[in-house]
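The entries follow in the order in which I took them up.

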Amino acid sequence: MPSYRASPGFFEVPHAAVYALMTVTVLASGFCFIQAGGPSAPAELLYRSGGMYSAAIARHEYWRLVAYGFLHVNFVHLTMNMLCLVLWGGHLEKRVGPAYFLIIYLCAMVFGAVIGNGIHSTPYLTVGASGATSGILGALLCLWILGKLDLRFDFFAINIGLNIAFAFGNSRIDWGVHLGGFAAGLIACALLDLVEKANAWALRCKFPEVVKVNLTLLACVIAPWAWSSQAQAIAAGASGWGLMIIIAVACCAVVKLIDLALSMKRGLAIVVTALAAANAAP
C-alpha cells in the first residue's frame, strides 16, 4: 500500500464507504427509535433487532456479530459513534480505499463482539458501533507505526485519551468490545498491508476499487452461510474445518481467475459482467 500523507488538520472529508455505513447505521437505529416511539430503544426491542448477548455464539446466532453494530441505545449514543466514524473514517478510507476500509470496519465489529463476549462472565446485551470505530483508530495507529500515515502523535493521544476518559465516566461502556475492536483493526490493517505486498508477485493486475468492494460484499453474504454450515457440521459430530478450507481455496481461485481476466483485453468488462451475475445469485 503506497504511503498516504494526511492533511495537517484533525479532520479529513469522508468518502463513499463512510457515508454508506453512516446511512445504514442511522436507518437501522432510527427504525428502532420509531418503533419505540422516542429517542431511545428498550432492551427488549434491541434484543429482537439483533443486539449481541451472552448466549448468541453458543446458539449459533452469528448474524448478531454484525447486526449489533448498527443498533444504538439512544440518539446520543448514535451521535457519538457517528461522530467518531466521520472524524476517523475519512483518514482511513482515503488511505486504504473503500474495500479495505469495509474489511477493517467489519473485522473490528465482529471480533470486538467475540472478545467482548469472552470477557463477560454474566448475562449482558450490547449494541453500538463503538467496537468498529475503535477498529478504525487501531488501523490508523497501525499505519502510523508503519510510517505510512503523516498524522501527528497528538491525534492519537487526544482521541484515545478522550475515549478512555469518556469510558471512565460511563459505567455502561463495554470495554471488551472497545479493546477487541481496537486490536482487531490494528491487526487487520497490518495483515492487509502484508496482502498488498504479496499481491505484487502473486497477481498480475491491480484490482479496481469497484471490484474489491464487490468481492468484499459478496464475502459478507457468503460468510454467515459458511459459519452456519460449519456449526451444523460440528453439531452432527463432523469436522467443520474441511468446508472452511474448501471455501478458502475457492475464494483464492476466484481472485486468481479475476486477476487473469483483468490481464486480458476487455477484461474489466468480463469481470463486471461476472460480478453482476454473482450479485444476482444471492
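Entry one, cysteines. I am working from a predicted model, and I began by asking how many disulfides it holds, given that a disulfide is a pair of cysteine sulfur atoms within 2.5 Å. By this rule I count 0 disulfides.

I then looked up C84, whose sulfur lies 18 Å from the closest cysteine sulfur, that of C189, and is therefore too far away for a bond. I also noted that C84 counts as buried, because its relative accessibility is 14%, with the cut-off for buried set at under 20%.

For C220 I found that the closest cysteine sulfur belongs to C107 at 8.9 Å, which is again too far for a bond. Buried, exposed or partly exposed, I asked of C220? With a relative accessible area of 33%, C220 is partly exposed.

Entry two, helix packing. I turned to helix 5, residues 130-145, and helix 6, residues 153-168, which pack with their axes 11 Å apart and at an angle of about 155 degrees. Since angles over 145 degrees count as roughly antiparallel, I recorded that helix 5 and helix 6 are roughly antiparallel to each other.

Which residues make the contact, I asked next? On the side of helix 5 I listed L137, L140, L141 and W144, and on the side of helix 6 I listed F153, F155, F156, N159 and I160.

Terms used:
Residues are numbered from 1 along each chain as its sequence is written. This is a predicted model: local features need pLDDT of at least 70, side-chain atom pairs count only at pLDDT 80 or more; totals for chains, interfaces and linings use all residues. Side-chain values use heavy atoms; hydrogens and water are left out. Buried means under 20% relative accessible area, exposed over 50%, partly exposed in between (1.4 Å probe, protein chains only). Axes are lines fitted to C-alpha atoms, for helices over the stretch in contact, and angles run from 0 to 180 degrees between N-to-C directions. Helices (H or I, at least four residues) and strands (E, at least two) are DSSP runs, numbered from the N terminus. Angles under 35 degrees count as roughly parallel, over 145 as roughly antiparallel, 65 to 115 as roughly perpendicular and the rest as oblique. Contact means heavy atoms within 4.5 Å.
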